[in-house]
Amino acid sequence: MASIDIQSIRKSFGAFPVLHGVDLSIRDGEFIVLVGPSGCGKSTLLRMIAGLEDVTSGDIRIDGKRVNDLAPKDRDIAMVFQSYALYPHMSVADNMSYSLRLRRTAKEKIASAVGGAAAKLGLDPLLERRPKALSGGQRQRVAMGRAIVRQPKAFLFDEPLSNLDARLREQMRAEIKKLHGDLNATSIYVTHDQIEAMTLADRIVAMHGGVVQQVGSPLELYDRPANLFVAGFIGSPGMNFFEGRYLVSGDRAELQLAGGTALPARRAAGLESGAKATLGIRPEHVVVAENGALEASVDLIEPTGFGIIMHVRVHDIPLKIFTLDRALLNPGPTVRIDLPADKLHLFDAEGRRLD
Ligand code: ATP
């Protein structure tokens, strides 16, 4: 397996810049997930690592060796695509063994590599079938099997589960995680699904507009998002935000909203009284309590089975609450809520996190 170093990578398509200088060091055996909204450049970055796209400037190193000018086949990296990219006229076994046959690997070695991968992926009964006789999930498994038999230095996944239905996605997600536990292979996984990112990653790379916004463990990004973009992107339902003016008097701080409402804030170093700021709180951190400090009118209740998403308004400002308390299925027209100070996130006028 391999470490991968990405240094000051820029990419433009013609005059159109897509990546604005990406730096990333991926450790041997690490599972990295690139997340971000459509068009943020995550697939382009992955394709450059694979050698499928030229680098405009900057360097990519695999195990310390600069690979910018190496052809994809010489990088010893396997890529798993959303579209599976299987050969339709070949059996599952032949699809899986194709790269080894090209390399003229000995027959016994091929048989044992295919057998091992098939056993890991539950493909044994399907080895003689053609891809068209497989379900989407089975095809995706074959695509992974084909990658595994090559024993590459690293695996690159480009939204591999996005063609599957929700249940199968969940199942395959767990299988990929288990597989990574078994193989301990350096992996880079692109998705716009933040649940996949949270559950699979050792570290998440959150991207927006061709710029890396934050790199860290899933819980670091969830608990301490570096900026408003990451705070809003990670988590579902998403974090609630309030924009206003940050006012300090003595030990107390509050956020004065446009309509005159004040929300309790907390003291933050680096933010002057009177400055513009945004307060954030996750839906599961809003507390519904009879003696809560704020009154909220109830707009909508969404029972998810697991919990309840309440859509409320505090003086016309919309807010989502997530609760497990089924007594809140019929809350009446208003509830009282608290925003606990230790659960508040504060961001400056540029959207940067303040502590
Ligand atoms: P998605 O989640 O939709 O796949 P992404 O984050 O993977 O998005 P990329 O596919 O990397 O985004 O694309 C980044 C930007 O580069 C987009 O604006 C896209 O239109 C542009 N782009 C990608 N490939 C090319 C190309 N071959 N020629 C011109 N522009 C391109």
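Ala, Val, Leu, Ile, Met, Phe, Trp, Tyr, Cys and Pro count as nonpolar, Asp, Glu, Lys and Arg as charged, and the others, Gly among them, as polar. This is a predicted model: local features need pLDDT of at least 70, side-chain atom pairs count only at pLDDT 80 or more, and totals for chains, interfaces and linings use all residues. Residues are numbered from 1 along each chain as its sequence is written.

**View 1. The shell around the ligand.** The shell holds Phe 13, Val 18, Gly 36, Ser 38, Gly 39, Cys 40, Gly 41, Lys 42, Ser 43, Thr 44 and His 192. By class, three are nonpolar, seven polar and one charged. Helix α1 (residues 42-50) gives the most to this shell, with three residues. Helices (H or I, at least four residues) and strands (E, at least two) are DSSP runs, numbered from the N terminus.

View 2. Two strands pair if DSSP finds at least two bridges between them. Four strands form an open sheet in the order β2-β1-β4-β5, with antiparallel pairing. β2 (16-26) and β5 (65-66) are the edges; each has a single partner strand, so one side of each is left without a neighbour in the sheet. Strand β1 (residues 4-13) is joined to β2 by eight antiparallel bridges. Look for Ser 12: its bridge partner in β2 is Pro 17. Helix α1 packs on the sheet and touches β1, β2 and β4 (57-62). The direction of α1 makes about 120 degrees with that of β1. Such angles run from 0 to 180 degrees between N-to-C directions, and axes are lines fitted to C-alpha atoms, for helices over the stretch in contact.

**View 3. Helix α2 against helix α3.** The axes of helix α2 (residues 92-102) and α3 come within 10 Å and cross at roughly 135 degrees. That makes α2 oblique to α3. Angles under 35 degrees count as roughly parallel, over 145 as roughly antiparallel, 65 to 115 as roughly perpendicular and the rest as oblique. The crossing of α2 and α3 is right-handed. A crossing is right-handed if the near helix is turned clockwise from the far one by less than a right angle, and left-handed if anticlockwise. From α2, the contact takes Ala 93, Met 96, Ser 97, Leu 100 and Arg 101; from α3, it takes Ile 110, Ala 113, Val 114 and Ala 117. Seven of the residues in this contact of α2 with α3 are nonpolar, one is polar and one is charged. Residues are in contact if their C-beta atoms, placed from the backbone, lie within 7 Å.

**View 4. Helix α3 against helix α4.** Helix α3 (residues 107-121) and helix α4 (residues 136-149) have axes that come within 9 Å and cross at roughly 140 degrees. α3 and α4 are therefore oblique to each other. α3 passes α4 in a right-handed crossing. Ala 113, Val 114, Ala 117, Ala 118 and Leu 121 of α3 meet Arg 141, Met 144, Gly 145, Ile 148 and Val 149 of α4. In this contact of α3 with α4, eight residues are nonpolar, one is polar and one is charged.

**View 5. Strand β9 and its partners.** Strand β3 (residues 31-35) runs parallel to strand β9 (residues 203-208), joined by four bridges. Leu 34 has Val 205 as its bridge partner in β9. β9 also pairs with strand β10 (residues 211-216), antiparallel, over five bridges. Here Val 205 has Val 215 as its bridge partner in β10. Two residues lie between the strands of the β9 and β10 hairpin, and Gly 209 takes a positive phi near 60 degrees there.

**View 6. Strand β14 and its partners.** Six bridges join β11 to strand β14 (residues 276-281), and the two run antiparallel. Phe 241 stands opposite Gly 280 in β14. β14 is also joined to strand β20 (residues 345-348) by four bridges, again antiparallel. Gly 280 stands opposite His 345 in β20.

**View 7. Two backbone exceptions.** Most residues other than glycine have a negative phi, and most peptide bonds are trans. Asp 63 has a positive phi, near 50 degrees. Asp 63 lies in the loop between β4 and β5. The peptide bond from Ser 236 to Pro 237 is cis, with omega near -5 degrees. Pro 237 is in the loop between α8 (228-233) and β11 (240-249).

How values were computed. Contact = placed C-beta atoms within 7 Å. Near = placed C-beta within 6 Å.
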